[in-house]
Amino acid sequence: MTHVPSAFQPKEMRSPRPSLRRLALLGATGSIGRQVCDLVERHPERFALHALIAGTDAAALEAVARRHPEAHALLANPGGTDAGRAARAIEEAICDPDVDMVVVAAAGAAALAPTLSALDAGKDIALATKEVLVMAGELVRDRMRRHGSQIFPIDSEHSAIWQCLWGEKERAIRRLILTGSGGPFLRRPLETLETVTIAEALAHPRWKMGPKITIDSATMMNKGLEVIEAHFLFDVPYADIDVIVHPESVVHSMVEFVDGSVKAQLGVPDMHLPISVALGFPERLEGITPAPDLAALGRLTFEALDMVRYPALALAREAGQRGGTAPAVLNAANEEAVALFLKGQRRFVEIVPSVREAVERAEPNQELTLETVIAADHWARAQVRTSAGGSSRVRSKLPA
Ligand code: MG
């Protein structure tokens, strides 16, 4: 490990009394965005919304904006009008001196450019969109160091690890242990995965989330992306990040220390909790969720990850270790393959092989800039779209 992980070394504890934190919310109409709005409504003494930003859904944004008339409401893709002007308005809103924290909860790759702008403006970020770190982890880390901004994770596993690391020294970490529920197909006979329907893949046993991440949980690509996210967030080598299956989703992740101690963070599976930890840090907010009733639960179980059932894990690690734009290719190919599955144009069992094909065909660019990341992203999407679910017709190489 080469630098002090900023995520658990707060640069200051801020004022002794929590003051009002003004937020710009990217992804206001999504699942996380709506829960952020809940939290703001429940704690008006702690949070105010400066800007509400959504992608394309004008009606949904208007509904959120009606409840928060004080916030600027902005659409990234207004359709018809100048997209460049919309991007500039968003950049202005998130970089506004009135904004204390930018909450990044927009789906996927679209969140990258505004996140980099926010970091350049020295803003602290509460990050729900793991794709930002997967696509451009090095780039994000450079900007953080240069501008002294911090990233507070909202992803429940990373929130757990972050909480386990409070007060700990970097050299005391032996490994990170990410937990994953295994999704809806943990016990399903392998040979029947061929016939998985969209509805089956969308029925997550523990968490209520948006459709893309729910499919990622069924393939466990989500956990693969989270390994890469953890690598960049906590600056821990891939070899020291493990995944364990924990179907109850009560232990959100763990850290093993050099003395053999393991710390875990427990909570009911409800994203309001990690959101409140990131937004409220260093304070904890009162009564966000009930605590898990351990006696009622009776037992918590753990099992080793089945690498045959979940090939996405090894693939994600491989892309992470290749570095450069390889994780961006992995991420974009996966987004595209999942989108095709949700449209009924790919089978469930074709998702991960499509991604593997793109990752293996790519010649990752080791020079990471916003431009090379976006080029890799576009290349990977085209690759997946034009390949016939595993047997590609396209032989083009990733642009240098
Ligand atoms: Mg997660």
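The crossing of helix H14 and helix H15 is right-handed (a crossing is left-handed if the near helix is turned anticlockwise from the far one by less than a right angle, and right-handed if clockwise). This is a predicted model: local features need pLDDT of at least 70, side-chain atom pairs count only at pLDDT 80 or more, and totals for chains, interfaces and linings use all residues. Residues are numbered from 1 along each chain as its sequence is written, and side-chain values use heavy atoms, with hydrogens and water left out. Helices (H or I, at least four residues) and strands (E, at least two) are DSSP runs, numbered from the N terminus.

**The helix pair**

- The axes of H14 (residues 351-361) and H15 (residues 370-386) come within 9 Å and cross at roughly 130°.
- That makes H14 oblique to H15 (under 35 degrees counts as roughly parallel, over 145 as roughly antiparallel, 65 to 115 as roughly perpendicular and the rest as oblique).
- Axes are lines fitted to C-alpha atoms, for helices over the stretch in contact, and angles run from 0 to 180 degrees between N-to-C directions.
- H14 brings Ser354, Glu357, Ala358 and Arg361 to the contact, and H15 brings Trp379, Gln383 and Val384 (contact means heavy atoms within 4.5 Å).

**The mixed sheet**

- Here 5 strands form an open sheet in the order S10-S9-S7-S8-S11, with mixed pairing (two strands pair if DSSP finds at least two bridges between them).
- Its edge strands are S10 (262-266) and S11 (303-304), and each pairs on one side only.
- Strand S7 (residues 173-180) is mostly covered, with 6 of its 8 residues buried (buried means under 20% relative accessible area, exposed over 50%, partly exposed in between, with a 1.4 Å probe and protein chains only).
- S7 runs antiparallel to strand S9 (residues 251-257), joined by 5 bridges.
- In that pairing, Ile173 stands opposite Phe257, and Arg175 has Glu256 as its bridge partner.
- S7 runs parallel to strand S8 (residues 241-245), also through 5 bridges.
- Ile177 stands opposite Asp242 in S8.

**The parallel sheet**

- An open sheet of 6 strands has the order S3-S2-S1-S4-S5-S6, and the pairing is parallel.
- S3 (72-75) and S6 (151-153) are the edge strands, each pairing on one side only.
- From one strand to the next, the twist averages 20°.
- Strand S2 (residues 47-54) pairs with S3 over 4 bridges, and Leu52 stands opposite Ala73 in S3.
- Helix H4 (residues 112-120) lies across S1 (21-26), S4 (101-104), S5 (124-127) and S6, running at about 150° to S5.
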